[in-house]
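Please look at the structure below and follow the text through its pockets, then through the protein as a whole.

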Amino acid sequence: MKKRLISALLMSAMIVSSMTACGGASTSSNTSSSGDTGEESADAITIKFWNGFTGSDGDELVELVDKFNSENEYGITVDMDISSSLDEQLSSAFAAGEGPELVLFSSASRFTYGDYLQDMSDIFDKTSLNKDDFIQSYLDYCSEDDNLYLVPMEIVGFYLYWNKDLFEEAGLDPEKGPTTWDEYVEYAQAITDSSKNVYGSGLCYGYNYQMAHTIQRFGGLAVTQDSSGNWVANLAGNEGYEKFLTTYKSLVDSGDNPLTDDTDSMMTAGQLGMTINGPWLTSGMDTAGINYGITTIPTGDAGEMTSAEVIGMAVTTAADEDEKLACYRFIEWWNTQDANGDCPAETWSLDFGYPTYLNSVLNSDAYQANEKVMSMTNTNTDVSADFIVDSSFPGIGTFISDIIPEMTQPVLFDGEDPADVLNELQSEADDLVAQYN
């Protein structure tokens, strides 16, 4: 697509705005001052933006995209399409040599659609975005070698929820959740009241993501790289994993944890003292009127960590250079505070309870004052954010869907020894990682 080019002087005049990194004080600055943007098209330009945000978050995303379309000074229109079948839509479009210029999805999707994604490493040269403002562990999640394939937009973690009223009835401090797994077991025993159908613990064997986030606290990552760069599965002999399975089974056997695959409903019904889930559970808890607290998952033998899934924006190979720059402008706007102190990235975190990926937002007054989001935030930004496997391992989806259930269910339902289960499962995990070596 051929477009007229404007002079450097006119371009400079167009991109002067009152913006700075999210969380900082607004100052008037040229957004291209951090790098050479090249010549920018003067013609109006439209970029297609696809994502799967079909809930209330999608409604807010529509409002924010409309805001960008109405106020950006580059003549850019973001044409957004939200689909509940994003994967199928993308697969069909890419196969036909078509597709959107910009897409929003999990960082793990780079393993599926890597051939259709452009390296975005130059976004920090072509916009005012400061790479150092992004928490490095989340950028690592979106990168392979020296290539950046997504820019973070949302951090999805799992957290410990507790029912404050049940804590108080059990003689526990309702304002403090457990910080260790020994405390978790102790609190669960204190809360359980079979006469009221109340259980202290709400671990759910059928919730693979909950299981993965929890198991990791005990035994670390299930797949790592050795010194030769080969993928290695770490199941057999993993004492931390054995301890988790033993702990879970003991909670079930003692009657402190129901053997059910629907702990969410029990939590919102006030029947569970504690459970582990994502930030979306807050909506159901609020609707049900549950008096609850949120904190990070208790630390286990594997030490401190921040396991998470990173959702990010990616530029596809459907974008030419002008369209790629237009995508960059939208991402820049999303992560930049305007003259009124508004920043979409911060707004998103505060409205939906997702921890931030920007240091400037983490240190902002509004973020620090938000008790709910701060309770979900690990302020130690140096800890690993890898979730159950090394963030570069392409087989994460298969591991979670196929391996995780086979860890827990033989122990819970068949009474098998945890060490034996892990030893037997090691060969299946070895076959999985071998596909990527």
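The second largest pocket has a volume of about 410 Å³, where a pocket is an open set of points on a 1 Å grid over the protein atoms alone at which a 1.4 Å probe fits, with protein on both sides within 12 Å along at least five of seven lines, and a volume is the space filled by probe spheres set on the points. Of its 31 lining residues, T296, M305, T306, T377 and N378 are the closest to its centre, lining residues being those with an atom within 4 Å of a point. This is a predicted model, in which local features need pLDDT of at least 70, side-chain atom pairs count only at pLDDT 80 or more, and totals for linings use all residues. Residues are numbered from 1 along each chain as its sequence is written, and side-chain values use heavy atoms, with hydrogens and water left out.

The largest pocket holds about 600 Å³ of space, and among its 23 lining residues G52, F53, S106, E309 and I311 lie nearest its centre. The strand β6 gives the largest share of this lining, 3 residues, strands being DSSP runs of E with at least two residues and helices runs of H or I with at least four.

In the whole protein there are 19 helices and 17 strands. The radius of gyration, taken over C-alpha atoms, is 23 Å, close to the 22 Å that the globule rule (2.2 Å times the number of residues to the power 0.38) gives for 437 residues, so the protein is as compact as a globular protein of that length. Of these 437 residues, 53% count as buried, meaning under 20% relative accessible area with a 1.4 Å probe and protein chains only.

Definitions and conventions: Buried < 20%, exposed > 50% of the residue type's maximum accessible area, 1.4 Å probe, protein only.
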